[in-house]
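Subject: Structure for you to look at

Hello,

Here is the structure I said I would pass on. Please open it first, then read my notes below with the model in view.

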Amino acid sequence: MRQAGRSLPEYRAIRGTGSILDAIAKPDLAAEITLQPVRRYGTDAAILYSDIVTPVAALGFGVDIAPGVGPVVEEPFRTERDLDRLRPLEPETDTPYVIETVRTLVRELPVPLIGFAGAPFTVASYLVEGRPSRTWAATKTMMLREPALWSALTDRLADIAIASLRSQVAAGAAAVQIFDSWAGALTPDQYRRFVAPATAKVCAAMRDLAVPIIHFGVNTGELLDQMAGVGADVVGVDWRTPLDVARQRIGRPCALQGNLDPAVVLAGWEPTRDAAEGVLASNAGHPGHIFNLGHGVMPETDPGVLATLVDWVHEQPVTP
Ligand code: CP3
């Protein structure tokens, strides 16, 4: 998950102080940062060091990531004219460093690499709001008052995500994850009308590559069936929804990823082990389960507790 590396002293030592987008544009550095948590924890897969705004930043939309804040946009997306600022992504020329990082990693990693992209809704919300929002007021206003403009925006962002994901798989990524981190801000009806079509387009356009698609969001307990229904093979579940409940709500064959509360890890090993036991109990031996945290690793996390957790999970029998 995002920021697995952020809690590591070796990450802080090589990350530098500039924008994270500069670090992402250096393939040797980005590959090394991707490898760090795999070396330290022995996880079963690695996730590419990049960001959900990397493609739109490369297109010159004027977005950067402010430390401690998140993505900020100089001139937010407002009108139809702004669509011109989102031309199609040509990964070989716009984000060649991402492709080179993936190639290096596929050579060096002992485990599969997960590529990723931001889902159209979550990326659009940053472009429309201009900075992280707690209400998504401007985004919801646009989808409700200007549905044609909203649909054109998310359709372009779907094409950009497709081009980026396809280039990562072509370079060797073994699975892809679509981050719709803030979809949980929506009602099920808003999700169905304004978000599902663009995300379904991304999943459909990846089908021929036959790599697993993981679809993740936070606070999506009421959306899990739709998040599976857009064409994902795996749905990420945050810590609020027990895995057995998630499975019931989805009601069709679909693997789950999750869902230990990342804050529990801060309390130390024993509470972490108890919570991990709870996750496995709730999964009840179902084979379609990727053990993970329910969201990203918090920066103040003790790497020792995470390392113990990974070892402990590896020691558990696959069926109870
Ligand atoms: O584990 C990893 O580091 C994998 C690579 C990764 C990053 N961002 C690197 C990053 C991934 C998969 C992401 C995705 C991402 N980026 C999401 C979706 C996942 C999620 O968390 O739900 C979102 C919403 C973003 C946007 C973003 N980027 C935010 C909100 C922030 C935090 C800003 C801050 O400083 O608090 C970032 C910055 C960021 N992206 C960091 C990392 C390791 C941390 C800060 C840094 O080193 O500059």
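A residue is called buried if its relative accessible area is under 20%, exposed if that area is over 50%, and partly exposed in between. With a relative accessible area of 41%, Asn 219 is therefore partly exposed. Please keep in mind that this is a predicted model.

Backbone points

Asn 219 lies in the loop between strand 6 (213-216) and helix 11 (224-229). Its phi is positive, about 65 degrees, although Asn 219 is not a glycine. Most residues other than glycine have a negative phi, and most peptide bonds are trans.

Trp 136 also has a positive phi, near 55 degrees, and is a residue other than glycine. This residue sits in the loop between helix 7 (120-129) and helix 8 (137-145). Is Trp 136 buried or exposed? Its relative accessibility is 15%, so Trp 136 counts as buried.

A further point concerns a peptide bond. Gly 258 and Asn 259 are joined by a cis peptide bond, with omega at about -5 degrees. Asn 259 belongs to strand 8.

How many of the residues of strand 4 (residues 113-118) are buried? Six of the six are, so strand 4 is largely enclosed by the rest of the structure. Leu 113, Gly 115 and Ala 117 point one way from the strand, while Ile 114, Phe 116 and Gly 118 point the other way; all are buried.

Strand 4 pairs with strand 1 (residues 46-47) in the parallel sense, over two bridges. In that pairing, Leu 113 of strand 4 has Ala 46 opposite. Strand 4 also pairs with strand 5, again in the parallel sense, over five bridges. There, Ile 114 has Ala 175 of strand 5 as its bridge partner.

Which residues does Ser 181 contact, leaving aside its neighbours within four places in sequence? They are Thr 122, Phe 216, Gly 217 and Val 218.

Helix 14 has 13 residues, which at 1.5 Å a residue should span 18 Å. The C-alpha atoms at its ends are 19 Å apart, which agrees.

The buried residues of helix 14 are Pro 303, Val 305, Leu 306, Leu 309, Val 310, Trp 312 and Val 313. Among the elements that cover them are helix 1 (9-15), helix 3 (27-41), strand 8 (255-260), helix 13 and strand 9 (289-293).

The packing of helix 13 (residues 269-283) with helix 14 (residues 303-315) is worth a look on screen. Their angle is about 35 degrees, and their axes are 10 Å apart. The crossing of the two helices is right-handed. On the side of helix 13, the contact is made by Trp 269, Thr 272, Arg 273, Ala 276, Glu 277 and Leu 280. Helix 14 contributes Val 305, Thr 308, Leu 309 and Trp 312. Sorted by class, the contact has six nonpolar, two polar and two charged residues.

Regards

Conventions
Residues numbered from 1 in each chain as written. Predicted model: local features only at pLDDT ≥ 70, side-chain atom pairs only at ≥ 80, totals over all residues. Heavy atoms only, no water. Axes fitted to C-alpha atoms, helices over the stretch in contact; angles between N-to-C directions. Helix = DSSP H or I, 4+ residues; strand = E, 2+ residues; numbered from the N terminus. Left-handed = near helix turned anticlockwise from the far one by under 90°. Contact = heavy atoms within 4.5 Å. Nonpolar A, V, L, I, M, F, W, Y, C, P; charged D, E, K, R; others polar. Buried < 20%, exposed > 50% of the residue type's maximum accessible area, 1.4 Å probe, protein only. Pairing = 2+ DSSP bridges. Expected span 1.5 Å × (residues − 1).
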